[in-house]
Amino acid sequence: MAPSLDFSQWWSKDTRKGTPVVVTMENPNYSVVEIDGPDAAFRPVEKSRGKNAKQVTWVLLLKAHRAVGCVASLATFLWALLGAIKKRLIFRQGVSMDNEKMGKGKALFTVIKMFLVTALAILAFELVAYFKGWHYFRNPHLHMPRTSDIQSLFHMVYVAWLTFRADYVAPTIQALSTFCVVLFLIQSVDRLVLCFGCFWIKYKKIKPRIEGNQFESDDVEGSSFEYPMVLVQIPMCNEKEVYEQSISAVCQLDWPKDRFLIQVLDDSDDESIQYLIKAEVSEWRQKGINIVYRHRLVRTGYKAGNLKSAMGCDYVKDYEFVAIFDADFQPNPDFLKTTVPHFKDNPNLGLVQARWAFVNKNENLLTRLQNINLSFHFEVEQQVNGVFLSFFGFNGTAGVWRIKALEESGGWLERTTVEDMDIAVRAHLNGWKFIFLNDVKVLCEVPESYEAYRKQQHRWHSGPMQLFRLCLPAIIKSKIPTWKKGNLILLFFLLRKLILPFYSFTLFCIILPLTMFIPEAELPVWVICYVPVFMSFLNILPAPKSFPFIVPYLLFENTMSVTKFNAMVSGLFQLGSSYEWVVTKKAGRSSESDLLAAVERESKTMNQPQILRGASESELSELTQLKEQKESAPAAKKKVNKIYRKELMLAFLLLTASVRSLLAAQGVHFYFLLFQGVTFLLVGLDLIGEQMS
């Protein structure tokens with residue numbers, strides 16, 4: 001029978017308007033007439049019917065062109081991504097393996113690799129079982145075969161695995177996941193309280209203020225007694241890329257020249273770098289700046305030993321305050337005038353801390369993600385703790401200390417790699433208060449390479465646990481109020497330094513992959529989706545321009561939990577890696593004002609004689625020797641990218657876990673987890689291939 005081609009019913013659905021009227025005539029010579037609506041002459045003119053075939057064709061061609069453009073852009077992106085993977089992972093073009101430390105991380109790499117292979121095998125096994133219908137514990141109507149009914153060894157192994165998984169493995173994983181989820185919720189509540197505190201500070205406009213103008217005077221020389229004596233220290237070690245800009249910025253501080261002294265504390269073991277720093281110090285000394293160069297022969301204690309040695313000089317007793325800047329920090333000229341006045345009429349104030357600002361925060365994806373973390377740390381954590389508790393961890397730089405507070409707290413100690421946090425805790429136990437200035441910013445750098453960032457994070461997370469073991473008896477025996485002891489032990493150390501890396505690693509890097517082949521321990525969607533996204537949203541609020549990177553940030557933090565957990569364990573149990581101090585590599589980025597100042601100085605030096613008047617013969621000989629070393633130095637080798645195999649394997653492992661979650665998710669969760677898995681792969685490839693010029 002031929003198909004019916006009558007489209008009248010279909011067409012009437014779109015054209016029917018008004019109430020149909022049926023008119024019946026008694027005369028059989030007339031037929032029934034059905035009036036569907038008003039007369040055609042009175043019908044409103046539809047705009048769509050005015051289009052002719054040519055216009056419709058152009059519209060269709062335009063839409064087709066847009067669709068082809070989107071497909072072409074997507075294909076180009078995927079082709080470029082596959083090309084990059086092919087060059088890095090297959091042909092090794094521009095790639096060198098990190099062979100120097102392969103022995104150290106070989107065990108972890110082997111464990112992750114074996115876990116990945118096992119996870120992929122179990123995932124394939126689960127897919128086969130799913131399509132075969134072997135879901136004994138989810139479908140009660142299915143027949144559980146007896147031993148005599150087993151005809152396949154493969155089938156028997158699967159049944160044994162289901163029984164063992166349900167009776168022994170799943171309860172343990174469920175208990176551990178419940179414990180980690182509770183810790184996750186506690187830490188989320190703590191972060192939520194900090195955000196509410198920050199909103200309250202913004203709403204009430206609470207911030208430390210200076211009453212009046214402390215330096216308002218026409219006669220600067222006659223009023224110089226109002227300026228306290230300030231010692232400025234610049235500790236550095238092999239900082240070839242940044243020493244010049246930091247010394248230049250500190251020497252341009254707006255403060256009477258006879259009221260402050262600059263100490264350049266050089267711990268470099270490279271003689272060529274020592275000569276460069278000496279030459280820079282000598283140049284500023286010729287300009288009338290009160291600056292000295294110090295180099296230790298016995299380099300013990302890292303940065304703490306360097307600062308301790310400098311504070312032992314006889315002339316330090318003439319100074320009341322000390323400002324500390326790392327080698328990559330560039331303070332504004334008014335830094336001392338915006339920080340030192342807070343000490344006036346406030347004898348219990350021991351520290352004034354300024355905020356960091358980053359000149360290279362938009363350099364690559366890694367620097368953008370670091371900017372999110374550090375912006376939240378300064379604007380939320382430190383500002384809230386400074387306003388409501390008058391205590392926070394000293395950042396080691398961009399701060400001004402009262403020298404009396406340092407001396408009464410025991411000075412710089414070399415027992416940990418976080419000497420800044422150490423002195424802050426001891427000063428807090430002695431009753432000193434801290435102030436954080438969120439509106440006073442000092443330019444600096446964040447690590448641009450993954451290798452430098454990983455080493456920095458290892459030191460930042462192993463040192464606090466090492467310090468916690470040493471400070472716990474002193475905290476308990478101190479005379480501060482009980483609630484301050486609880487804040488130090490429970491919040492400052494345990495929750496934010498120990499629990500955070502523990503549950504992040506265990507929950508998202510261990511339990512989540514295990515759920516691939518243990519569905520009884522499946523994590524709720526709100527644990528792996530909604531709450532992490534909401535907390536990431538809160539973390540990004542201090543850096544609103546970073547909202548497009550919210551998903552990469554969430555996934556990147558989960559990946560970095562491996563490094564942070566490893567560092568936390570090494571510091572807690574006093575392992576050898578907890579005592580390692582690796583200077584964070586700098587790129588020497590400068591702000592626009594610094595570049596303009598450098599051009600101006602260079603133009604001035606072009607019109608001046610090359611030999612400085614008043615320079616000693618030893619300084620001239622050092623400069624001559626330095627020039628000879630520059631000429632004879634071999635050309636620097638071009639650096640290449642590095643592949644970190646452990647992180648790569650972990651990236652594919654978590655991607656496999658996301659795929660497993662896709663099988664269990666439904667609706668919108670499916671698409672979210674799909675987007676999460678693909679984004680994680682892209683972020684992992686971008687971060688694992690270290691970008692080095």
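**View 1. Cysteine 313 and cysteine 471.** Cysteine 313 counts as buried because its relative accessibility is 14%, where buried means under 20% relative accessible area, exposed over 50% and partly exposed in between (1.4 Å probe, protein chains only). Cysteine 471 is likewise buried, at a relative accessible area of 1%. The disulfide count is 0, a disulfide being a pair of cysteine sulfur atoms within 2.5 Å.

The model is predicted: local features need pLDDT of at least 70, side-chain atom pairs count only at pLDDT 80 or more, and totals for chains, interfaces and linings use all residues. Residues are numbered from 1 along each chain as its sequence is written, and side-chain values use heavy atoms, without hydrogens and water.

**View 2. Strand β8 and its partners.** Of the 10 residues in strand β8 (residues 349-358), 10 are buried. Helices (H or I, at least four residues) and strands (E, at least two) are DSSP runs, numbered from the N terminus. With strand β10 (residues 433-444), β8 pairs in the parallel sense over 9 bridges; pairing requires at least two DSSP bridges between two strands. Lysine 441 in β10 stands opposite arginine 355. Strand β9 (residues 399-402) runs antiparallel to β8, joined by 3 bridges, and its glycine 399 is the bridge partner of glutamine 353.

**View 3. Crossing of helices α14 and α15.** The axes of α14 (residues 525-540) and α15 (residues 550-572) come within 10 Å and cross at roughly 110 degrees. The two helices are therefore roughly perpendicular, a term covering angles of 65 to 115 degrees. Contact (heavy atoms within 4.5 Å) involves Pro532, Val533, Ser536, Phe537, Asn539 and Ile540 of α14, and Ile550, Tyr553 and Leu554 of α15.

Definitions and conventions
Axes fitted to C-alpha atoms, helices over the stretch in contact; angles between N-to-C directions. Parallel < 35°, antiparallel > 145°, perpendicular 65-115°, else oblique.
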